[in-house]
Amino acid sequence: MRKTKTFSSLRPFVPVILGLSLGFSMSLVRMPLSNDGCQNFIKDHIDRHLRSESSESDVKQNVAGAYQETDIDPVNPIYDNFEEFEPRIITDPALKPKIDMTANKKKVVRTRFLSTELGIREQLFVGVLSTPDTLPSMAVAFNKTASHLLQKVEFFVQGNPRAMRIPKYMTVKTTEEGNEISALHDVISAIFDQYRDTYDWFFLAKDSMYLEGDRINDLISHISINRKLYMGLPRITHGQSVSYCSLDSGILLSRTLLLTLAPALRKCAMEADTKQADVWLGDCIHKTFKGAVRCSSSIYNQDYNTYTIDTENFDPEHIDDVSFKNALTVANVKSPRMFYSLHRQFSQFEIEIATKKIDEVQKEIEYVNTKLPESLRQTSWPLGINPPYKPTNRWDIIVWDYFTEEYSLTCPGEVPKCELSGIDKLDIKNIVQMAMIRLNDKYNPQKISLEKKKLLNGYRRFDPKRGMEYTLDILLDTFIEGEKQPIEINHRVHMLRPLSQVELIPMPYVTESSKIHMILPIFADQKSNFDRFMQKFASVCLESDDNVELNIVFVYDPSDAQRIHDDDVFVDVKVKLEEYEKRYYKKKPPGSSKLIPWLSIKTEVPSQLKTMDVIAKKFPTDSLFFLTSVNAVMDEEFLNRCRMNAVQGWQAFFPVPFSSYNPDIVYKGQPLPKEIEIKPSNGHFDLYSFDEACFYNADYMSARNKLSEVMGGRQDDFVKDPMDSLDIFNLFVKYSDLHVFRAVEPQLKRFYAHRHCTMRSGDDLYKKCERSNAEGLASRTQLAMELFPDENDKTK
């Protein structure tokens, strides 16, 4: 009975026991019979870093023993710096590392780009040899036709840089005067010293050679960077058997070759027995590598094709030569005009090649689509382009804009109808022309020609996944061969201007450590908001000791300025400033200047230029200004973006603030919130406000001087002072070469304030001011409820 009861109680566990037994048996069967090639680290080896009693010699003996056990070669052991693969927490205080708090440790400086840390280099550097005479003409033409397709282009000229006119937007470096060999020697040496760790390929050319940028990029992308490559058009001099690459047709050198060649250039220059620079370079390469490296025009099925112009009446559009169509470079270009003609023709070649590839891809897509299941046979138009955006709800629908050739129904300022002008008119004109070209290309084989009579209707919208979409209803005159009278038809055309390849614009390097000089103009009617501004400024900048200096400008009108000694309208503001100085600058030495400096100006028509003209003279040219308003609220994040987006000599930053609506309409007697929350019912991003700006003093002074030069010669033509009718935004747009960056800034907020608009500021500024007041009052719904309060009560 006992055995029966015991067996019945164990019966539920019999499958588990059998499963475990079977598992152990299978493990034994699959276990290797020997441990060759395995690294079995015993616990003593794993914990050797945690055992303070083990000596260094004991550890080495244990390591050697471990290698003998596993039959691994102990030479150059792989775990001299072995780290345990299991994380362990050190609980013994005696084994924890001691940190010397008094040690003066250096801060680890990380590189700016990940590619720098990984040692990833750029692809191609192009060095162009020019002369003082051809620099303003041929070199400029070379730069305009090739630099936008290449990563780096620099021009090298022999002579004194002060004696030559250097064109804009070109990197020009000068070398000492000498013969052709010394010029080429100096160029290669300069490239090697500065860019040997930056680029994998180096291309040398003259400014009398046209370079097809896309093809040179495609060539180097198919060649190994570890090869000692000397590539170009091979030539052989009379009486010599050593080939060299012609500099007239361009020379491609690999970094691997240049690392060995550059140290030997000086010796080769001293032993030169020729006056031709490219012959000297080929001879030097031959001697340095003992004949192992030769000039080649083909490698890895990649050909270096070149074409030389040998006639005076050369016309690129009428050359039916295969070698010309496949050319990577064209030598012996005689004039800048020829550069542009060549570029036009080679661009047409590239368009034809791209069109052919697109047709091939579309046919392949159509073929693959027939092989898919019926449920997956979905193709978009055009083939190969992303399908149209599908909204998730009614708020995500992309609306269509209606237009004709004369007007549009989508206008700024919510005007019902406006005349087409500027870039919009050019866009519509271009898309209609392209539609007619495509229609005639489609129907010409059928002996039908079409002429546009009128654009009846047009619709367009921007799809972020595809590009700009167009739908055109065109009234056409159709001419059929053999018919005397045209037939009038109405035809609908769908067009798409797809998004092109995204281009990264190089930006100069900036840091977040720059000091910001905050400029705050205050008017008499804004005094009540000053304390609120200072409270926020103190919490953001003074308490955190941020690198920001506040400078206040008191703007007096003429009547207030006359009473400044008896009744100063800003006396209470100045008292507040002294209180903040005492609170946050307790260590201020007696007799020192004000730590929150302020100054006063008098003007009938306040303007940003009048304020900045006074401020700019008191600061160095490299000062970073942040012009703000007393109603603004900002934080550390925005201040850092001000530092990063304003780049001296390159870019000015004009943030779009979030402005709150009129509290009397939005809150209606309810307590006002202390912070501004970004909601559609609370405010809006004021696109017509340019009160806040980040820019450098040098950029402002440069634009200001240019304005003075332009206005100086025609003062009689101006009835109004241009200082009153310009703001800093228009100053930079019209009178500087800076990039003007305008972006929505969620960390820059502004309390509601009604602007005082005056026609004396000019028509443009007056309209912006009025528009800002109109849109900043409240939302449409809130204004509608103010106009129809009875309807509001019914809805409740």
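## Confidence in the model

Averaged over the chain, the pLDDT is 82, and 82% of the residues reach a score of at least 70. Among the helices and strands, the mean confidence is lowest, at 38, in helix α3, which covers residues 43-46, whereas the highest value, 96, belongs to β5. The stretch of residues 33-85 has a pLDDT below 50, although the model gives this stretch 36 contacts beyond near neighbours in sequence.

Another stretch where the pLDDT stays under 50 is residues 715-719, and here the model has 1 contact beyond four places in sequence. Where pLDDT is low, the predicted coordinates should not be read in detail.

Helix α13 runs over residues 336-371, and its 36 residues should span 52 Å at 1.5 Å a residue. The C-alpha atoms at its ends are 53 Å apart in the model, which agrees with that expectation.

Which residues of α13 are buried? They are Met338, Phe339, Leu342, His343, Gln345, Phe346, Phe349 and Asn369. These buried residues pack against the helices α6 (135-146), α8 (213-220) and α12 (322-325), and also against β5 and β13.

Between β5 and strand β13, which covers residues 329-331, the pairing is antiparallel and extends over 2 bridges. Within this pairing, tyrosine 210 has valine 330 of β13 as its bridge partner.

## The disulfides

The model has 5 disulfides, and when the bonded cysteines of the chain are numbered in sequence order, their pairing reads 1-4, 2-3, 5-6, 7-8, 9-10. Three of these links are described here. In one of them, cysteine 268 is joined to cysteine 284 with an S to S distance of 2.2 Å, and the torsion about the S-S bond is about 75°, so this disulfide is right-handed. Because cysteine 268 lies in helix α10 (residues 265-270) and cysteine 284 in helix α11 (residues 277-288), the pair ties together parts that are 16 residues apart in sequence. Cysteine 268 has a relative accessibility of 11% and counts as buried, because the cut-off is under 20%, and cysteine 284, at 1%, counts as buried as well.

A further link is formed by cysteine 757 and cysteine 769, whose sulfur atoms are 1.9 Å apart; the torsion about its S-S bond is about -80°, so the disulfide is left-handed. Cysteine 757 lies in the loop between β28 (739-750) and α23 (763-775), while cysteine 769 is in helix α23, so that the pair ties together parts 12 residues apart in sequence. Which of these two cysteines is buried and which is partly exposed? Cysteine 757 is partly exposed, with a relative accessible area of 21%, whereas cysteine 769 is buried, with 14%.

What does phenylalanine 626 contact, once its neighbours within four places in sequence are left aside? Its contacts are Ile516, His517, Met518, Ile519, Met634, Phe638, Leu639, Cys642, Glu692, Ala693 and Cys694. Among them, isoleucine 519 is 107 residues away along the chain, yet its C-alpha atom is separated from that of phenylalanine 626 by 6.0 Å.

Two of the listed contacts, cysteine 642 and cysteine 694, form a disulfide with sulfur atoms 2.1 Å apart, and with -125° about the S-S bond this link is left-handed. The pair links distant parts of the chain, with cysteine 642 in helix α19 (residues 636-645) and cysteine 694 in strand β27 (residues 693-696), 52 residues apart.

Methods. Residues are numbered from 1 along each chain as its sequence is written. This is a predicted model: local features need pLDDT of at least 70, side-chain atom pairs count only at pLDDT 80 or more; totals for chains, interfaces and linings use all residues. Side-chain values use heavy atoms; hydrogens and water are left out. Contact means heavy atoms within 4.5 Å. Two strands pair if DSSP finds at least two bridges between them. Helices (H or I, at least four residues) and strands (E, at least two) are DSSP runs, numbered from the N terminus. A disulfide is a pair of cysteine sulfur atoms within 2.5 Å. Buried means under 20% relative accessible area, exposed over 50%, partly exposed in between (1.4 Å probe, protein chains only). pLDDT is the predictor's confidence in each residue, from 0 to 100. The expected span of a helix is 1.5 Å times one less than its number of residues.
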